[in-house]
Amino acid sequence: MAAGNHSTVTEFILAGLTDKPELQLPLFLFFLGAYVVTVVGNLGMITLIGLSSHLHTPMYYFLSSLSFIDLCYSTVITPKMLVNFVTEKNSISYPECLTQLYFFIFFIVSECHMLGVMAYDPYVAICNPLLYKVTMSYPVCSRLVVEVYMMGLISATAHTGCMLRVVFCKAKIINHYFCDVLPLLELSCSSTYINVVVLLCFSAFNTLAPTLTVLGSYASIIASILRISSTEGRSKAFRTCSSHILAVTIFYGSAAFMYLQPSNVSSMDQSKVSSLFYTIIVPMLNPLIYSLRNKDVKVALNKIIEKRLFC
């Protein structure tokens, strides 16, 4: 693969989060714990939704897909980062780097669009409740999920395909803890014009499309909620949306902080910290957000626990 794009680099060195030896073990233990919580939380959510018949609704169908995406893109990043904490040479081969880049983009873009799709469900439920079953039928939900993954597939293929044409022949130290587009482009000794154009176009679409969907959905939802006369009805409607609003805020907030800051040395170091939120922390928090703040999930979990205890 390295010969295919005339690159003289066969492997990269990941700079990681820190070069201080005394921090390696504490960080390893912290991120190992975070990854365990992520795996248990997201697998638990997928299993719970699959086993509980009253959770077989569009909202939880989307939530199980979100949990799958969170589990996958955390797995793309975290295990390699954990290995780098306990090894002297934090190397990654050229094929491994591009593979990590491909699957990271695939799942992170899928997450962006899945959060947008998930905003459509409460919009229909609150603004058009009489048409909910027709509008959010299983075929419609399945088609939306397939479209989400298609967006991820197209973006990952475009970015990785463009990265294959980049020539790496100078420094090979990636100033990050995983292979991301911008840190890789910084090492190029060939033109990156096409890569930058592709990055800007896809970033704009993959950010604006779900963001506008979320904003448009919640603008309509808020307008509908304000027309509800009873306080209890308003409160119930707001509770329906609160978990999703919190998840969207954390994800897009951390991603915006990462990619919308000035491009200099200090901001690259800051971006490592901010990228931790959407690569490590968000996948860990999402199942907690949707379980601790969700009565249906708590009830389903209690029923399964009771069945296991009395069997």
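Which residues does the UniProt annotation "transmembrane region" cover? In the unreviewed entry, this annotation spans residues 27–53, 59–78, 99–120, 148–169, 181–205, 211–229, 241–261 and 273–292. In the predicted model examined here, the chain over residues 59–78 is 100% helix and 0% strand, with its end C-alpha atoms 28 Å apart. Residues 148–169 are 77% helix and 0% strand, and the C-alpha atoms at the ends of this stretch lie 36 Å apart.

Helix α7 comprises 34 residues, 193–226, and extends 48 Å from its first C-alpha to its last, close to the expected 50 Å. Its buried residues include Val-198, Leu-199, Pro-210, Tyr-218 and Ile-225. Asn-195 also lies in this helix and is classed as buried because its relative accessibility is 4%, under the 20% cut-off. The side chain of Asn-195 reaches the backbone oxygen of Cys-162 at 3.1 Å. Beyond residues up to four places away in sequence, Asn-195 touches Cys-162, Met-163, Arg-165, Val-166 and Leu-185.

Two salt bridges were counted. In one, the side chains of Lys-89 and Glu-11 meet at 2.9 Å, N to O. This pair links distant parts of the chain, 78 residues apart: Lys-89 belongs to the loop between α2 and β2, and Glu-11 to strand β1. Lys-89 is exposed, at 53% relative accessibility. In the other, the side chains of Glu-11 and Lys-172 meet at 4.0 Å, N to O. Here strand β1 is connected through Glu-11 to Lys-172 in the loop between α5 and β3, 161 residues apart. Lys-172 is partly exposed, with a relative accessible area of 35%. Through shared partners, the salt bridges join Glu-11, Lys-89 and Lys-172 into one network.

Notes. Residues are numbered from 1 along each chain as its sequence is written. This is a predicted model: local features need pLDDT of at least 70, side-chain atom pairs count only at pLDDT 80 or more; totals for chains, interfaces and linings use all residues. Side-chain values use heavy atoms; hydrogens and water are left out. Helices (H or I, at least four residues) and strands (E, at least two) are DSSP runs, numbered from the N terminus. The expected span of a helix is 1.5 Å times one less than its number of residues. Buried means under 20% relative accessible area, exposed over 50%, partly exposed in between (1.4 Å probe, protein chains only). UniProt positions are given in the numbering used here, feature names are shortened, and annotations may be inferred rather than shown by experiment. A polar contact is a pair of N or O atoms within 3.5 Å; within protein, one must be able to donate a hydrogen and the other to accept it, and residues adjacent in sequence count only if both atoms are side-chain atoms. Contact means heavy atoms within 4.5 Å.
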